[in-house]
Amino acid sequence: MREPGRTAAFRDYVAADRGRLLRTARLLTAGDDHLAEDLVQTALTRLYVAWPRVSRAEGPGPYARKILVNAFIDETRRPWRRRERATAALPDRAAAEPVSIDLPADSAVLGVLAELPPRQRAVIVLRYLLDLDVQATSRALDCSEGTVKSQTSHALAKLRERLGAQLTTTGGMS
Amino acid sequence: MTELHDLLERAAGPHVTPDARDIANDVARGVRALRRRRTGAAGGMLAAAVAAAAIPVAVGGGWPSASGGPVAPGGSGAKSPSAVANSGPLTAEQKKKQAAAGQVAAEDAAKAAAEKVALAAASHSWRADGAPVPIHTYAGPALAGSYQPSLMPEETVVQGGNAYRLTIARADDRDKNPDSFVGKIVVMLSGRAPVDTPRVVESDSFSRIVVVPLSVPIDGATMFEVQYAPGLAWTDDEAIKFASSIEVLPTAKSAKG
């Protein structure tokens, strides 16, 4: 009975990790909760299909993360996303003013993330939210370690410019 | 000093534990995708086989000439470039392209067909006359698991029960997997917003959901829910009548992480 086994193991994984995937997706989408949910659903659906192979290899966590990031980058390539979209509420942040380094609002952090190109945003989320090292990040993004380092450098420069020069990064630096 | 990790942790929002329905829906989407993929792969292989069978005929018999007789591949006679391309033996690359084109078309058709089947299972009436599926008293032995109905829809079977869910399906449902919920009836604990009385809280073309408050919380849940296929054609009252007949035992578990 392979299917029930697959389903039971998948169910356990979803119960344990769905919340983390959703938080990751929320940052990748810079606070777009609906798109974040869509991306997580896409990632989990693909994960279920690939489950036997995934569970034998690197494990479901890294694979789901990789699918999630790929789905996000694919989504940003869609033409309709390059246009303005209606939102349920007006943003409550100033678009160009630097925010206080003492207590940057969540919306300000999401706002700065939204200004980063998709791959830079993904690098920041993978390295500094999930604390992945350069090697794991390069695997998740399917790019070279050098690309990860340069993307990280560009993204951090932008974050420091907008959130304050005293921004520290003790995680994800290896 | 501001630590980036802390900022991101906070901006990512609270950690939301998935409820049973989130998980059930994730499983259902995965099962549907897997089924589509398998159906598509089977269709693709069939198309490739058909294409492969057609190639020797075209190559061996050649293409008809203007006089009606076959022109041997590579035979003499003035031909346009396109005629040359069409009449000569197919290269390995051409064969591959033909097979691939056939496979893509077959996969698309198979995917569409599988989606239709899934939709039909979920939304089409279970009865030929479109009437609601009658509910009768269940007087059989206690079911496995933590959900014990005293009513049961006619012509249905219990596919499986445990602490997390009870799955009921049409007797002739070809999908025998109790963890596949499309087009079936599933009972499980619910993490939805509390209600005072049983009611239908959601309805779309795939499923309808009745939530029923529990007299005492079980495994952190204050309600259970019955997700059922619209094909049962039940009114809200009928759905609530069936749902309210279910006793949830204290051994029930909520599918939370």
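**Entry 1: a pair to begin with**

Are B:Asp179 and B:Arg165 buried or exposed? I looked them up, and both B:Asp179 and B:Arg165 are buried. Here buried means under 20% relative accessible area, exposed means over 50%, and partly exposed is in between, with a 1.4 Å probe and protein chains only.

A note on the ground rules. I am reading a predicted model, where local features need pLDDT of at least 70, side-chain atom pairs count only at pLDDT 80 or more, and totals for chains, interfaces and linings use all residues. Residues are numbered from 1 along each chain as its sequence is written, chains are lettered from A and ligands numbered from 1 in the order in which they are written, and side-chain values use heavy atoms, with hydrogens and water left out.

Back to the pair: B:Asp179 and B:Arg165 form a salt bridge, with the closest N and O atoms 3.0 Å apart. By salt bridge I mean a side-chain nitrogen of Lys or Arg within 4 Å of a carboxyl oxygen of Asp or Glu. This pair links distant parts of the chain, 14 residues apart: B:Asp179 sits in the loop between strand S8 (166–170) and S9 of chain B, and B:Arg165 in the loop between strand S7 (156–161) and S8. Helices (H or I, at least four residues) and strands (E, at least two) are DSSP runs, numbered from the N terminus.

**Entry 2: more salt bridges**

I found a total of 16 salt bridges over all chains. Side chains of opposite charge can pair when their charged atoms come close.

One of them joins B:Arg170 and B:Asp172, at 3.3 Å from N to O. B:Arg170 has 26% relative accessibility, so I list B:Arg170 as partly exposed. B:Asp172 is exposed, at 52%.

Another joins B:Asp236 and B:Arg208, with the closest N and O atoms 2.8 Å apart. B:Asp236 is partly exposed, with a relative accessible area of 36%, whereas B:Arg208 is buried at 14%. I also noted a network: A:Arg18, A:Glu37, B:Asp26 and B:Arg29 are joined by salt bridges that share partners.

**Entry 3: where chain A meets chain B**

How many residues does each chain bring to the contact? I read 41 residues from chain A and 33 residues from chain B, with contact meaning heavy atoms within 4.5 Å. Together the two chains bury about 3400 Å², and 59% of that is on carbon and sulfur atoms. Buried area is the accessible area (1.4 Å probe) that two parts lose on being put together, summed over both.

Across this interface I count 3 salt bridges. A:Arg23 and B:Glu9 form a salt bridge between the chains, with their closest N and O atoms 3.1 Å apart. There are also 7 residue pairs in polar contact between chain A and chain B, both residues being at pLDDT 80 or more. A polar contact is a pair of N or O atoms within 3.5 Å; within protein, one must be able to donate a hydrogen and the other to accept it, and residues adjacent in sequence count only if both atoms are side-chain atoms.

Which element of chain A gives the most to the side that touches chain B? I found that H1(A) does, with 15 residues.

**Entry 4: chain A by itself**

I went through chain A and found 8 helices and 1 strand. From the N terminus on, the order is α-α-α-α-α-α-α-α-β. Of the 174 residues in chain A, 48% are buried. Among contacts with a separation of 6 or more in chain A, 66% are between residues 24 or more positions apart.

**Entry 5: rings**

I count 5 aromatic pairs over all chains. Rings of Phe, Tyr and Trp (its six-membered ring) pair if their centres lie within 6.5 Å; planes under 30 degrees apart count as stacked, over 60 as edge-to-face and the rest as tilted.

B:Tyr228 and B:Trp234 have ring centres 5.3 Å apart and planes at 45°, so I list this pair as tilted. Both of these residues, B:Tyr228 and B:Trp234, are buried. In chain A, one aromatic cluster is formed by A:Phe10, A:Tyr13, A:Tyr48 and A:Trp51.

**Entry 6: one serine**

Last, I looked up B:Ser190, in strand S9 (residues 185–190) of chain B. B:Ser190 is buried, with a relative accessible area of 3%. A polar atom of its side chain lies 3.2 Å from the backbone nitrogen of B:Arg192.
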